[in-house]
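Hi,

Here is the structure I promised to pass on.

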Amino acid sequence: MGRIVYCNGVFTPEEDARISIFDRGFLFGDAIYEVTAVIAGRLIDNDLHLDRFERSLAALSIPMPVPRPELEHIQFELMARNALMEGTIYLQVSRGEADRDFVYPAGLKPNFIAFTQAKKLADTPAQRNGIAVNLARDLRWARRDIKTAMLLGQVLAKHEARAKGYDDVWMVEDGLVTEGSSSTAFIITADNQVVTRPNSQSTLPGCTRKAVLRLCETHGLHFEERAFTPAEAQAATEAFVTSASSFVTPVVRIGEVAIGDGRPGPLTCRLQAYYIEAALGSVPVSPA
């Protein structure tokens with residue numbers, strides 16, 4: 001038997017799941033999504049992700065498809081039915097379906113899908129060795145704080161970066177780094193200050209970002225929330241990215257410039273260890 005997915009109230013084999021061609025997520029990108037990581041059968045930072053899930057829906061005036069306790073039950077059920085021990089759980093909610101029109105009618109019933117992806121997330125080659133990131137103009141829409149399914153800007157930027165031999169890309173707007181294409185960008189200065197851009201409509205409020213800043217407070221590491229230029233990033237002692245599926249991943253090259261000695265830095269490695277240690281104390285595979 002293949003993967004079991006959730007589609008509008010039903011757990012079903014993935015090949016049997018169906019969404020209408022008139023779904024507004026398909027026609028307009030009128031949808032939001034969320035991704036939670038799973039390690040050792042544990043949901044990682046799930047409360048933060050579900051908080052953002054609710055906030056994104058509210059920003060687009062899309063109602064919650066199910067109450068939050070049921071949402072968590074669906075996540076656990078998907079993990080159990082797919083024997084997921086490491087990977088991700090993807091949630092997506094569209095406004096619903098109606099004949100194509102920019103102005104949506106009142107009372108649409110949201111379409112809600114969810115599925116698992118088994119993949120290695122911890123101790124990956126990227127986390128051990130670091131990644132190289134390209135720099136690209138940020139061409140996305142203005143409300144990047146809403147986690148919408150409109151990801152064409154990121155798709156094109158990632159594709160261009162890979163074609164040039166980079167692992168990923170950092171976006172630049174008005175001479176400042178906004179964020180990674182699917183991650184939060186961090187640098188570490190010569191005096192061991194951890195720096196990342198403050199939350200605003202220009203960036204997605206990263207859940208892993210929030211967890212890492214909490215870890216900085218817990219372990220007495222100094223951090224500053226401010227914007228930085230590509231030149232400052234290239235002159236940094238260390239750099240890294242955070243996301244639900246990459247955790248804390250060192251950046252060892254930005255454009256053509258090696259960061260530090262071109263290897264993952266010691267403070268980044270400490271943050272990696274702190275994060276995994278904290279993550280393994282997260283919610284277990286099934287509720288008590």
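The chain has 8 helices and 15 strands, where helices (H or I, at least four residues) and strands (E, at least two) are DSSP runs numbered from the N terminus. Its radius of gyration is 19 Å, close to the 19 Å that the globule rule gives for 288 residues, so the chain is as compact as a globular protein of that length. (That radius is taken over C-alpha atoms, and the globule rule is 2.2 Å times the number of residues to the power 0.38.) Along the principal axes, the C-alpha atoms fill a box of roughly 55 × 45 × 35 Å.

Before the details: this is a predicted model, in which local features need pLDDT of at least 70 and side-chain atom pairs count only at pLDDT 80 or more, while totals for chains, interfaces and linings use all residues. Residues are numbered from 1 along each chain as its sequence is written, and side-chain values use heavy atoms, with hydrogens and water left out.

Of the 288 residues, 51% are buried (buried is under 20% relative accessible area, exposed over 50%, partly exposed in between, with a 1.4 Å probe and protein chains only). Taking contacts between residues at least 6 apart in sequence, 70% join residues at least 24 apart; contact means heavy atoms within 4.5 Å.

Now the helix pair I'd look at. The axes of H2 (residues 46–59) and H6 (residues 207–218) come within 9 Å and cross at roughly 135°. Axes here are lines fitted to C-alpha atoms, for helices over the stretch in contact, and angles run from 0 to 180 degrees between N-to-C directions. H2 and H6 are therefore oblique to each other, given that under 35 degrees is roughly parallel, over 145 roughly antiparallel, 65 to 115 roughly perpendicular and the rest oblique.

Which residues meet there? From H2 they are Leu48, His49 and Arg52, and from H6 Cys207, Lys210, Ala211 and Arg214.

His49 in H2 is worth a click. With a relative accessible area of 2%, His49 is buried. Leaving aside neighbours within four places in sequence, His49 is in contact with Glu34, Val35, Thr36, Ile44, Cys207 and Ala244.

And Gly9: buried or exposed? Gly9 counts as exposed, at 51% relative accessibility, and sits in the loop between strand S1 (4–7) and strand S2 (10–13). Gly9 and Pro65 are 56 residues apart in sequence, with 9.5 Å between their C-alpha atoms.

Cheers
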